[in-house]
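Here is a short briefing for a first look at this model. Please keep the sequence and the structure in view as you read.

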Amino acid sequence: MYLFKTPRLLKLLYPNLTWDIKTDSRSIFLTFDDGPIPIVTPHVLNILKQYQAKATFFCIGDNVRKHPDIFEQVKRGGHAIGNHTFNHLKGWKTDDDTYTQNFKQADDLLHTNLFRPPYGRIKRSQAARLKALNPELDIIMWDVLSGDFDMTLKPERCLKKTIKYTRPGSIVVFHDSLKAFNRLEYVLPRALGLWKSQGYTFELLPVQTL
């Protein structure tokens, strides 16, 4: 069970997490989780280049270790980098010491102030520990969840829902993963084309290289 649009109440309950970006411009903040991996991540980079779009990639540390050349492609494309833990840990099912260490293991490779908890699941105690490690850390959630990871979701519905809920300042989640690829390769160019025709630009989340 998941929601395409993050409810306002949830944003109010967790105000220290970043759900969207306040802006007066027609800007969208595209994000991609779970890469970098062969085939999918390069395909995403090519589509983004076609539409002059920048995005933030929340990378799994172990994938960066396995595919450093693709990670370099992401950086050379002018995209921002975020931490997504080393092993894609679900915070609610992981003890705080293990979670913190896994974050640090990824951070040794990524050196970024942006972090997205896998599955969007993080305990308050874990968030506090990570903030203690890096007071500049920005824990990024989302305003729109594309649902591209859902293998039962038809690509056409994935596109429709993503378009419906995206607004200026939305942080939109896609996944550069094999699981999501069938929907992603359909949705991404069509969404970018429509948004661009509506005057949207695609901006980076505010990132600091540490």
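Thr-85 sits in the loop between S3 and H5. Helices (H or I, at least four residues) and strands (E, at least two) are DSSP runs, numbered from the N terminus. Phi of Thr-85 is near 70°, a positive value in a residue other than glycine. Thr-85 counts as buried because its relative accessibility is 0%. Buried means under 20% relative accessible area, exposed over 50%, and partly exposed in between (1.4 Å probe, protein chains only).

This is a predicted model: local features need pLDDT of at least 70, side-chain atom pairs count only at pLDDT 80 or more, and totals for chains, interfaces and linings use all residues. Residues are numbered from 1 along each chain as its sequence is written, and side-chain values use heavy atoms, with hydrogens and water left out.

**Backbone features**

- Most residues other than glycine have a negative phi, and most peptide bonds are trans.
- The loop between S1 and H2 holds Asp-34.
- Phi of Asp-34 is near 90°, a positive value in a residue other than glycine.
- Asp-34 is buried, because its relative accessible area is 16%.
- Pro-36 is also placed in the loop between S1 and H2.
- The peptide bond from Gly-35 to Pro-36 is cis, with omega near 0°.

**Nonpolar cores**

- A nonpolar core is a set of buried Ala, Val, Leu, Ile, Met, Phe, Trp, Tyr and Cys residues joined through side-chain atoms within 4.5 Å.
- The largest one has 36 residues. Those with the most contacts inside it are Leu-30, Phe-32, Leu-48, Phe-57, Phe-174, Leu-192 and Trp-195.
- Elements that each supply at least two residues of this core include strand S1 (27-33), helix H2 (40-50), strand S2 (55-59), strand S7 (171-175) and helix H8 (181-197).
- H8 gives the largest share, seven residues.
- Apart from this core lies another, of twelve residues, among them Leu-89, Tyr-99, Phe-115 and Ile-122.
- In soluble globular proteins, nonpolar side chains tend to be buried together.

**Helix H2**

- Val-40, Thr-41, Val-44, Leu-45, Ile-47 and Leu-48 are buried in H2.
- Seen down the axis of H2, these buried residues fall within an arc of 165°, so they line one face of the helix. The arc is that of the directions from the helix axis to the C-beta atoms.
- An α-helix has 3.6 residues a turn, so residues three or four places apart point the same way.
- Exposed Lys-49 and Gln-50 are on the face of H2 turned away from its buried side.
- S1, S2, H4 and H8 are what the buried residues of H2 pack against. Contact means heavy atoms within 4.5 Å.

- Five of the five residues of S2 are buried, so S2 is largely enclosed by the rest of the structure.
- Ala-55, Phe-57 and Cys-59 point one way from S2, while Thr-56 and Phe-58 point the other way.
- S1 and S2 run parallel, joined by four bridges. Two strands pair if DSSP finds at least two bridges between them.
- Leu-30 stands opposite Ala-55 in S2.
- S2 also runs parallel to strand S3 (residues 80-83), again with four bridges.
- Here Cys-59 stands opposite Asn-83 in S3.
- S1, H2 and S2 make a right-handed β-α-β unit. Right-handed means that, with the strands pointing away from the viewer, the path from the first strand over the helix to the second runs clockwise.

**Aromatic pairs**

- The whole structure has seven aromatic pairs. Rings of Phe, Tyr and Trp (its six-membered ring) pair if their centres lie within 6.5 Å; planes under 30 degrees apart count as stacked, over 60 as edge-to-face and the rest as tilted.
- Phe-32 and Phe-174 are stacked, at 5.6 Å centre to centre and 25° between the planes.
- This pair links distant parts of the chain: Phe-32 is in strand S1 and Phe-174 in strand S7, 142 residues apart.
- Phe-103 and Phe-115 have ring centres 5.2 Å apart and planes at 85°, so that pair is edge-to-face.
- Phe-103 lies in helix H5 and Phe-115 in strand S4 (residues 114-115), twelve residues apart.
- Tyr-2, Phe-4 and Phe-149 form one aromatic cluster.
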